[in-house]
Amino acid sequence: MPLELTRPAATGTQLLPGYLPMAGAYDEMVDANGRVRPHWEAFASFLDERAPGALAAVQREALRRLKEQGVHYHVYDDPEGMRRPWQLDPLPLLLAETDWQPLEAGLAQRARLFSLLLQDLYGPQRMLREKLLPYELIYRHPEFLRLARNTAMSPLTLFASDMARGPDGQWWVLSDRAQGPSGAGYVLEARMITKRVLGASLSDYAIAPLAQFFSHFKRHLATLAPDASREPTIALLSSGIGNEVYFEHAYMAAQLGITLVQGDDLTVRQGKVYLKTVDDLRQVDVLIRRVDSSYCDPLALRAESMLGVPGLLQAQALGKVGMANPIGSGILECPALLPFLPGLAKALLGEELLLPNVATWWCGQPKELAHVLERLPALVIKRTDRAGGVVFADQLSKAALERLRATIRAEPWNYLGQERVSFSTAPTLAGGGGALEPRNLILRTFLAGNGEHYDVMPGGLTRVAPSTGTLLVSSQGGSWSKDTWVLRERGSMRDALRLHPAGQRRTAPAVLTSRAAENLFWSARYLERCEALLRLVRSYMGSLELYNDYGYQEDTQVLSQLLPLLRAYAPADTDTDAATHADTVWDYPQLNRLLLARELPGSLVSNLHRALDGAYTVRDLWPVDSWRALEEIEALVEYAEKNRSVVLLEQVLQRMLNAVLAFWGAAQESLALTQGGLWLHLGRRIERVHGMLSNTAAFCEQLPGGDDPARALEALLDANSCVVSHRRRYGSELSLATVWLHLLLEPTNPRSLLSQLEGFGNLLRYLNPTPLQGLSEAQRRLLGITTPLQLASVKDWNTAEECRERLAPLLRQLAEQLAQLGSNLEHRYFQHTQPFTQLG
Amino acid sequence: MLRVHHRTRYRYQHSASQGYNLAWLTPRAMPGQQCIETSLRVEPLPRGLGSRSDGYGNTLHYFEIHKAHNRLNVSSEATVRRWPAPDLSAITTPWEQLRSADWVAAPGDLPPREFSYPSPLIDSHPEITAYAAQSFTPGRGLGDALLAYNRGLHADFHYQPGATSVETPVAEVWESRSGVCQDFAHLAIAGLRGLGLAAAYVSGYVLTRDPSDKIPNQGGDASHAWYAVYVPALGWLQLDPTNNLVVGDAHIVLAIARDYSDVPPVKGLCYGGGTHKLEVSVSVEVIAEDAHEH
């Protein structure tokens with residue numbers, strides 16, 4: 001800061017006349033005299049050169065990219081949907097290196113201190129015995145887990161602190177995160193998007209890169225592995241897609257090249273932790289824990305938790321798995337620890353605490369209690385267990401204030417008061433329209449280490465308040481995030497660019513969990529079902545238009561031929577709307593319902609949502625282009641749900657079909673068979689074959705005697721993408737015989753049933769690692785389906801009656817056999833964890 | 001010397017595929033109790049059977065079962081040497097003086113501090129504290145007050161098996177004035193903590209009949225529980241409110257902790273299995289000193 005204050009501003013004139021800092025707050029860009037601080041000069045001119053319109057475009061582009069890449073942040077209780085796009089302000093917070101370096105040293109000290117404190121609290125408790133920390137604070141805190149006491153407690157691997165800058169330019173620590181700090185993955189994403197949307201001018205800035213931090217992080221993780229003789233398998237334990245930062249869990253797993261797991265992907269055997277894959281159990285050496293401590297083990301901790309793994313605490317206690325961070329570290333997040341840190345730093349490190357904390361008073365002490373009660377309206381009140389968030393006492397009514405006083409008096413140990421800090425501000429576009437507004441900010445910093453040494457991520461995640469003048473900054477409360485640039489002096493860049501520190505230990509490749517395989521398989525099945533339905537509806541609508549335009553009777557025949565096929569997609573639909581119209585023809589309202597009624601099982605959107613949910617669960621596996629295609633599908637679903645008009649319907653149908661095909665194309669290109677591609681393809685094939693069998697059977701069952709079904713047959717071919725190939729093969733000839741031959745039995749038609757079955761058989765071979773020992777059960781079952789078709793002759797299916805009485809039952813029977821094959825696969829390869837019950 | 005045989009049998013409705021269990025079934029080595037021999041047997045044959053300290057210095061067993069099973073038997077046996085009950089009436093120090101904020105535990109003693117705060121099943125309860133204060137009158141000697149308190153609990157509350165479950169909080173027990181030994185212990189502890197003393201929950205066994213073989217003890221054919229109160233220089237004094245006894249050579253201590261939830265004799269979960277039935281049998285007998293010499 002001295003640098004900034006002594007150096008005169010380059011221009012001496014007021015830059016950015018549209019930007020007005022808040023009175024009384026420290027503005028990161030503009031000093032008290034209205035001059036741009038030196039390290040912001042280049043960026044300020046960049047902003048100045050752009051009219052508000054251009055900045056608004058930058059912001060739109062950032063939001064578009066976030067959506068496209070599926071960056072989400074869950075907001076609990078938000079009816080708008082579970083996956084709300086993350087809000088990123090594309091203007092970064094700039095920090096001068098001279099400003100940053102003292103923070104780095106202070107943060108590293110803090111991480112060492114908390115790591116030692118953790119080991120002391122769960123070990124000798126010297127800090128309690130020497131009265132540097134009150135017993136009551138620890139013993140009454142729900143995150144002090146007795147069963148972890150006197151066990152091997154590894155140091156903290158990942159640590160985070162939230163900081164804010166006061167009016168004098170001094171940084172203060174507001175709170176610390178030591179369980180499973182979130183946000184580091186969002187920083188990477190923020191950096192990528194910020195750099196892209198701000199464009200090439202960035203080469204002028206020496207921004208400290210982030211990559212090195214993540215390789216440090218991975219190196220520290222690897223050292224936690226109990227067995228140093230082999231490459232460690234690392235997994236990230238997530239609580240699943242319901243978690244507010246699930247996106248980040250998946251993103252981190254993908255970035256670090258490790259396996260994303262949930263509790264029931266893991267099993268403890270003889271105190272060791274294993275991961276369930278489709279083939280076998282694979283031992284896990286290190287877990288990044290993103291499930292809160294007390295939910296980690298339903299045996300030893302919260303019995304009702306469905307997120308944990310029975311025996312996990314035992315594995316940690318015996319040192320059989322490296323845990324980052326250890327179960328039990330939640331106690332370190334107690335905000336009432338802050339006032340004791342200076343004393344703890346002296347006792348545990350023999351050092352003065354470098355970074356000041358925001359002034360905090362724990363009410364469990366008489367003097368502090370009196371102080372908090374006396375100054376209540378001026379303070380921020382929190383609970384030691386962080387339940388119930390933050391109370392700004394000055395915003396309470398007189399009665400509420402008295403109630404708060406009484407509550408604190410009744411259970412003083414549960415409460416603490418904190419000084420209200422005035423946070424610094426930085427220019428943001430968050431208000432929209434491209435105008436720059438000052439918003440209060442807090443900075444979350446991240447460290448990775450081994451207890452003795454910590455590497456600090458240069459920068460961190462800056463979050464700004466949802467509106468100007470608001471101090472409450474939390475992701476749940478609707479804050480915006482920003483990238484944070486630490487601007488290096490030119491000379492220091494070379495070191496930072498060395499991406500992989502020497503001595504980096506190799507880690508084992510990520511593995512495919514049984515859950516991931518199952519989700520891929522079912523996502524593919526649902527998506528394929530959607531594709532088939534889209535084609536069928538497109539065919540149907542073609543005939544419906546002709547009928548509406550010309551009223552030919554033969555078009556109604558086509559419609560009534562196809563209707564049972566449509567109905568079969570949502571067989572449970574007894575909605576009166578759908579039933580009122582004559583049974584023979586469906587018009588747009590019924591189609592609309594079949595496509596867009598989300599509550600209707602089997603409708604297009606309900607199937608799409610099931611496909612997307614499954615895909616989201618394996619978010620870490622998707623290549624970028626596949627994910628984009630999925631996002632496109634999701635956007636189209638949203639659009640279609642909001643705009644239910646006929647004209648739009650047709651356009652949207654085709655675009656959805658295109659997006660689905662784009663997804664398959666990208667997945668085919670880039671998702672390796674061993675990394676899950678196999679299950680995706682198996683799911684798609686089995687669903688397609690099943691769809692063809694049941695659709696064709698339904699078609700046959702509906703065939704009337706007498707009439708020439710040529711138009712209906714053509715529609716059936718169309719729904720199976722076989723019109724052109726049939727025409728090229730048979731010219732204008734179109735009969736039951738040619739259609740069955742082409743659609744079912746023709747080996748040279750890649751869309752024929754037999755070709756599809758052959759493709760399915762090829763995939764099954766990958767599942768049978770020992771072909772010399774004969775066919776697998778699935779292969780044998782498949783043979784039972786293929787053989788009757790290979791032996792069949794279309795001569796037997798020449799008339800409508802023969803189709804109804806011979807072909808349809810055969811196809812139905814094969815469909816049933818295929819369904820059995822499917823459940824056989826599921827049973828054999830997917831871990832169906834039984835529910836557990838507590839013994840009473 | 002006392003010898004205990006404790007069997008816990010679970011019978012599952014359906015076959016269970018896996019089981020995970022914790023058990024606090026090995027008597028604690030502590031002043032007043034010496035463990036001569038202990039054993040633990042689990043059927044079906046468990047994997048990963050191991051023991052460690054539970055953070056309170058009790059022995060915690062952990063085991064897993066990884067094959068289909070429809071019954072689980074946990075059987076423990078132990079022989080311990082016990083010392084007779086101390087004469088509490090000799091402790092005449094006014095009880096308030098023991099309500100120190102600065103307890104320093106003797107080496108080897110469980111540090112008392114943790115046991116002065118509420119715990120998962122024992123919340124603070126002003127009425128129970130007021131009830132305890134009737135025995136702990138100002139200036140009264142601790143021994144005298146404790147004996148009166150114990151006698152009062154025995155007289156004022158009904159021993160009634162089945163009235164409560166293992167998770168019944170102490171406030172409900174207070175309302176109903178009835179429960180089993182565990183509830184008596186929780187009540188007693190709530191009162192003592194309310195007065196500012198350090199009180200712990202003790203899980204263990206009591207001799208089915210007292211040594212004279214005349215008066216049957218309550219809780220003798222099952223797991224038993226009582227409480228301990230910390231007295232600087234003397235350590236943990238134990239009283240059994242269910243039987244109105246000072247704990248001595250008729251009791252066996254398994255584990256000491258904040259309340260039942262910290263140290264159930266056996267807990268666990270299984271995958272599958274449906275509903276289950278639980279049978280517990282405990283027998284405690286006196287054996288001669290030399291019965292074990294060879």
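1. Strand 8 of chain B and strand 12 (residues 251–257) of chain B run antiparallel and are joined by six bridges. Strands here are DSSP runs (E, at least two residues) and helices are DSSP runs (H or I, at least four residues), both numbered from the N terminus; two strands pair if DSSP finds at least two bridges between them. Across this pairing, S203(B) stands opposite A255(B). Strand 8 of chain B also pairs with strand 9 (residues 224–231) of chain B, in the antiparallel sense and over six bridges. There, G204(B) stands opposite H224(B).

2. The model is predicted: local features need pLDDT of at least 70 and side-chain atom pairs count only at pLDDT 80 or more, while totals for chains, interfaces and linings use all residues. Residues are numbered from 1 along each chain as its sequence is written, and chains are lettered from A and ligands numbered from 1 in the order in which they are written.

3. Is strand 8 (residues 199–206) of chain B mostly covered or mostly exposed? Eight of its eight residues are buried, where buried means that 20 or more other C-beta atoms, placed from the backbone, lie within 10 Å of the residue's own. In a regular strand the side chains alternate between the two faces of the sheet. For strand 8 of chain B, one side holds A199(B), Y201(B), S203(B) and Y205(B), and the other holds A200(B), V202(B), G204(B) and V206(B); both faces are covered.

4. Chain B as a whole has four helices and 14 strands. Its radius of gyration, taken over C-alpha atoms, is 19 Å, close to the 19 Å that the globule rule gives for 294 residues, so chain B is as compact as a globular protein of that length. The globule rule is 2.2 Å times the number of residues to the power 0.38. Along its principal axes the C-alpha trace of chain B spans about 60 × 45 × 40 Å. Of the 294 residues of chain B, 47% are buried. Among its contacts (C-beta atoms, placed from the backbone, within 7 Å) with a separation of 6 or more, 76% are between residues 24 or more positions apart.

5. The contact between the chains takes 25 residues from chain A and 28 residues from chain B. On the chain A side, helix 6 (135–139), strand 8 (266–269), helix 10 (312–317) and strand 22 (836–839) each supply at least two residues. Strand 22 of chain A gives the largest share of that side, four residues. By type, the side of chain A that touches chain B divides into eleven nonpolar, nine polar and five charged residues; Ala, Val, Leu, Ile, Met, Phe, Trp, Tyr, Cys and Pro count as nonpolar, Asp, Glu, Lys and Arg as charged, and the others, Gly among them, as polar.

6. A strand pairing crosses from one chain to the other. Strand 22 of chain A and strand 13 (residues 266–272) of chain B run antiparallel and are joined by four bridges. In this pairing Q838(A) stands opposite L269(B).

7. In chain A, strand 4 (residues 158–165) is mostly covered, with eight of its eight residues buried. L158(A), A160(A), D162(A) and A164(A) lie on one side, and F159(A), S161(A), M163(A) and R165(A) on the other. Strand 4 of chain A pairs in the antiparallel sense with strand 18 (residues 437–449) of chain A over six bridges, and F159(A) stands opposite L447(A). Six bridges also join strand 4 of chain A to strand 5 (residues 171–177) of chain A, again antiparallel, with D162(A) opposite S175(A). The hairpin of strands 4 and 5 of chain A has five residues between the strands, and G169(A) there takes a positive phi near 90°.

8. Which residues of helix 11 (residues 341–349) of chain A are buried? They include L341(A), L344(A), A345(A) and L348(A). Seen down the helix axis, the buried residues of helix 11 of chain A fall within an arc of 105° (of the directions from the axis to the C-beta atoms), so they line one face of the helix. These residues pack against helix 4 (97–121) and helix 5 (126–129) of chain A. Just after helix 11 of chain A, G350(A) takes a positive phi of about 70°.

9. Chain A also has an open sheet of four strands in the order 7-6-11-12, with parallel pairing. Its edge strands, strand 7 (259–262) and strand 12 (322–324) of chain A, each pair on one side only. Strand 6 (residues 234–238) of chain A pairs with strand 7 of chain A in the parallel sense over four bridges, and L236(A) stands opposite L260(A).

Notes:
A residue is buried if 20 or more other C-beta atoms lie within 10 Å of its own, exposed if 12 or fewer, and partly exposed in between; C-beta atoms are placed from the backbone. Two residues are in contact if their C-beta atoms, placed from the backbone, lie within 7 Å.
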